[in-house]
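Subject: Structure for your review

Dear colleague,

Please find below the structure that I am handing over to you. My findings follow directly after it.

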Amino acid sequence: MPRPSTAAPAASDAGRPRLHVVALAHLDTQWRWTERDSAALFLPATVSENEALFERHPAYVLSFEGAHRYHLLEQLHPELFARLLARVAAGRWHPAGAAIEAFDAILPSPESLLRQIHLGQRWFASRFGVESVDLFLPDCFGFPASLPQIAAHAGLLGFVTQKLRRGELLRAARPIPFPYGRWRGADGSEILAALDPGEYSARITGDLSRDPAWLARFAARRTAGHPERLLTFVGIGDRGGAPPEPSIAALAASLVSDGPIEVRHGGSDRIHVETTEAERARLPACEGDLLLRQHGTGCYSAKLALKRWNRANERRARAAEGLAALAARCGRPAPRDRLAAAWWRFLARQMHDDLTGTAIPAAYRISLADEALAASEFDEVAGDSLAHLARVLGRPAAGTPVILFNPLGQTRRELVEIAWPEAGLRPLHVVGPRGELLPTQVGGRSPTTPTLLFVAELAPLSAAVFTVCEGPNPAPPAAPAAASPRGLDNGRLRARFDEAGLLASLVDAALGRELLAAPSRPESFANRSRKYPAWEILWSDLAAGPRASGGTLRGERILESGPLRATLELERELDGQRLRERWSLAAGDAGDRLECELRLDARQTGRLLKYTHHFAVDAPQIACDLGLGLVRRPLASEALYEVPAQRFAALEDGAGGGAAVLADVLAGWDHPDPSTLRLTCLHAPRASFKWRHQRTQDRGRHLLRFALAGLAGRADDGAAAALADRFAEPPLAWRGDPGPAVSGPASLGLGLACGAARVMAFKPGDDTDESILRLANPTPEKVTVTIGDPGLRAARRLDGRERELAPLTVPPGAALQLDLPPHALVTVGLDLASAEARAEPVPARPVPLPCNRRAFRPRGRRRGHTRLPGPAARTAGGQRRALAARCRRRPARARVRVRTRRADPSPDGAGLAGAAVQREPIPAAPAR
């Protein structure tokens, strides 16, 4: 097992305060420059400049984070990487942060954050033989309450950031709880946290062991009964490099000084490693999130196109891994390296100045290309796995098979929509895997791409075959969906729109109450942040109220009238923006929510567009989803107004009910009064000349989705989380070739019963032939999960890094039951016997593809050279690393080219001009 990069030294002098000094070179991989600049200029300079300090100062230790940056050095500057390897082995260079990138902690899903740590630590261990035990995020824009639980599940000890304060300015929305203490997750797990170390570019000008300011801070900790340990920085940012030598010289003098403070120097995780259990018990503790007051409020919604790609790839990864795990049981080798490489590609784009929307346009050309490549790879893995499963699964009728995959851990009876060019030409019906006849409907949303709709019942984490056959359509469901010129109804929900085209009423028959107190409407606010436009939404702009509300209705029509889905389309203009809303109600389980597909043509700058909902509740707090549970935040105030949520936000009344807004991508919300919930749809700020590119980065067409639903109980009872999952992740459908009836199993799955628990991931094991199942309990009550697969032979409790914690007892001939404590995050490894139905392997042989193109030069950016994003294989000689097609007229470059006129490409083709994507060879994953 790799050793920690910082070993615990002997205990310090008794009664002497200890100040840990961390020297760092902070680098933003992309911000006002691109990754190409970082690779060609800033990374080599960081290694070279620090070499001089290592030679002149024997005690100097540098901390530098981000496995992706080390990987770029290894690939592009092997001679510098070799020198760096020697420094790491000597303990002079500390690989900090334990992750692929210095990631944004708010927008990625909890599973993405776990993979950041897992893949980053594996890379560090494979190259350096060491791992860091700290989450080192000095420059990120806020931290969710779920972060300590995620870090603890991944085996980390501590967390460090300096973002909560800048100089004397308190950036945090609440007072900083402590400079050094324990940060506790909802499940009771803890990590050590240094929350107020000073700025990462701080200087040292005197003897720290006698510094009066530090003596005063230690005295305050002594008075409070806390251990006298503190952390501070000396360093440089944001382009890497080396700390100023006078500061390093002053640090060296402080280390040997005999002043009242003992100064220690080492890696960023040394303070955590050295903290004893006795000291840990006396440290102050806090819970909840650490959000910023203003700086970062715009990051939840800026550069919406990249956020959509990120969320789409998180879902693609979940589906591809689930299908690969099912196919592995039927004889197909798990494509572990392909999956890891695709994860790496888009996780590297979660860097805190990338995913948040604060980088320059040239950086986003790289980011969008990487996202498209990752999406393509996940889709190929999913397609290959499905092709294998299709040879195993049976179908009870002759016709065209449709394979459905349910990526969720809950049984669902959901509406399925699949492209079907023959839809409407002849009567069609669907035969389910058990021979049941299902009615169909021709989709009416696209005049150019006919679709077929039907309602399918799917078991958790399962794949099943449904067959589309010619013949009369069976009777519609007992409660069909229907549309009228001003309303929608499916028996469960009844929506009514007023003369202005606003949603004026939403009655939930199951709950027996009206959900709305006033019409829901889009509203446009002024957006005047000039200093940090993409980063910030100003309290003064929200407090001033909307500059325009509702807009002017330009048209309305019925697109679909049932029986499986009814859709009403409304077109309006609001403050120079064109909006097209498609409100729909569906049959089946999807009928418990009113969905809205919002197509926005953004043409103005200096605008903040929100969709405002006035619910018939009186809620003093907003319940915000974290992906692992939720956190409750008070009414908007100047200190905390624009807040993040992952998949939904809800308002609860005192009677045990409420209402929720579900969102598939959007992450910014505010709660101005007890009955109002506003969802941020577009952040297009006015910008100064310095940030002039941010004036137009969100112009163009955007596709957004949200839904409204009533709640029968508390927002944390699991029902809202299940609603949000079903809305965001519909069943995935693939069409096969027509053929006769085939014998075989109707479906493949785990026999899973999760109750209120969520499945975070189902995947092949990285180092074993096990299947890895990760579960989360979002509720404050214990939940029992049952795994009833008859092929289950053994099971183990694992941590987030897939390392064994304890074996589990599998009762012979009985199902395995797992008790998940409140808010628990649990990973288990399942040893599953091969399924009885196995497909014979398809004969194949490798085809050599010789590289014929130079892909990236270590220095300079010669025209015609191609950048290979993510982990890449290196050929002998280190020159030609890509394969380019050769043709007579115009050679195709071995990279992704994204061409757009006004808007960025969308993961589902919703960009104005779409995207032209050319594939490059997928590089190898980090060493296993």
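E417 has L453 of β20 as its bridge partner. This pair belongs to the antiparallel pairing of strand β16 (residues 412–419) with β20, which extends over eight bridges. Please note that the model is a predicted one. L453 of β20 also stands opposite Q441, and strand β19 (residues 441–442) pairs with β20 in the antiparallel sense over two bridges. Strand β20 itself (residues 451–458) is mostly covered, with seven of its eight residues buried.

Parallel pairing occurs around strand β3. Strand β2 (residues 18–25) is joined to β3 in the parallel sense over two bridges, and A23 has L62 of β3 as its bridge partner. Strand β4 (residues 93–96) pairs with β3, also in the parallel sense, over four bridges; here E65 stands opposite A96 of β4. As for the side chains of β3 (residues 62–65), L62 and F64 point one way, S63 and E65 point the other way, and all are buried. In a regular strand, side chains alternate between the two faces of the sheet.

Next come two helices. Helix α3 (residues 78–89) packs against helix α4 (residues 110–128) at an angle of about 90 degrees, and their axes are 11 Å apart. Angles of 65 to 115 degrees count as roughly perpendicular, and α3 and α4 are therefore roughly perpendicular to each other. On the α3 side the contact is made by F81, L84, L85 and V88, and on the α4 side by W123, R127 and F128. Of the residues in this contact of α3 with α4, six are nonpolar, none is polar and one is charged.

An open sheet of nine strands, paired antiparallel, has the order β29-β30-β31-β32-β41-β38-β37-β34-β35. Its edge strands are β29 (552–561) and β35 (630–634), each of which pairs on one side only. Neighbouring strands of this sheet are turned against each other by 20 degrees on average, with direction ignored. Within the sheet, strand β34 (residues 621–625) and strand β37 (residues 648–652) run antiparallel and are joined by three bridges; C624 stands opposite A649 of β37. Helix α14 (residues 719–728) lies across β32 (594–602), β37, β38 (658–663) and β41 (700–711), and runs at about 145 degrees to β41.

Is S132 buried or exposed? With a relative accessibility of 1%, S132 counts as buried, because the cut-off for buried is under 20%. S132 is located in the loop between β5 (130–131) and β6 (134–136), and its side chain is joined to that of D134 by a polar contact of 2.2 Å.

R692 is located in the loop between β40 (676–684) and β41. With a relative accessible area of 42%, R692 is partly exposed. A polar atom of the R692 side chain lies 2.9 Å from the backbone oxygen of F689. The C-alpha atoms of R692 and I360 are separated by 9.8 Å, although these residues are 332 residues apart along the chain.

With kind regards

Conventions. Residues are numbered from 1 along each chain as its sequence is written. This is a predicted model: local features need pLDDT of at least 70, side-chain atom pairs count only at pLDDT 80 or more; totals for chains, interfaces and linings use all residues. Side-chain values use heavy atoms; hydrogens and water are left out. Buried means under 20% relative accessible area, exposed over 50%, partly exposed in between (1.4 Å probe, protein chains only). A polar contact is a pair of N or O atoms within 3.5 Å; within protein, one must be able to donate a hydrogen and the other to accept it, and residues adjacent in sequence count only if both atoms are side-chain atoms. Two strands pair if DSSP finds at least two bridges between them. Axes are lines fitted to C-alpha atoms, for helices over the stretch in contact, and angles run from 0 to 180 degrees between N-to-C directions. Contact means heavy atoms within 4.5 Å. Angles under 35 degrees count as roughly parallel, over 145 as roughly antiparallel, 65 to 115 as roughly perpendicular and the rest as oblique. Ala, Val, Leu, Ile, Met, Phe, Trp, Tyr, Cys and Pro count as nonpolar, Asp, Glu, Lys and Arg as charged, and the others, Gly among them, as polar.
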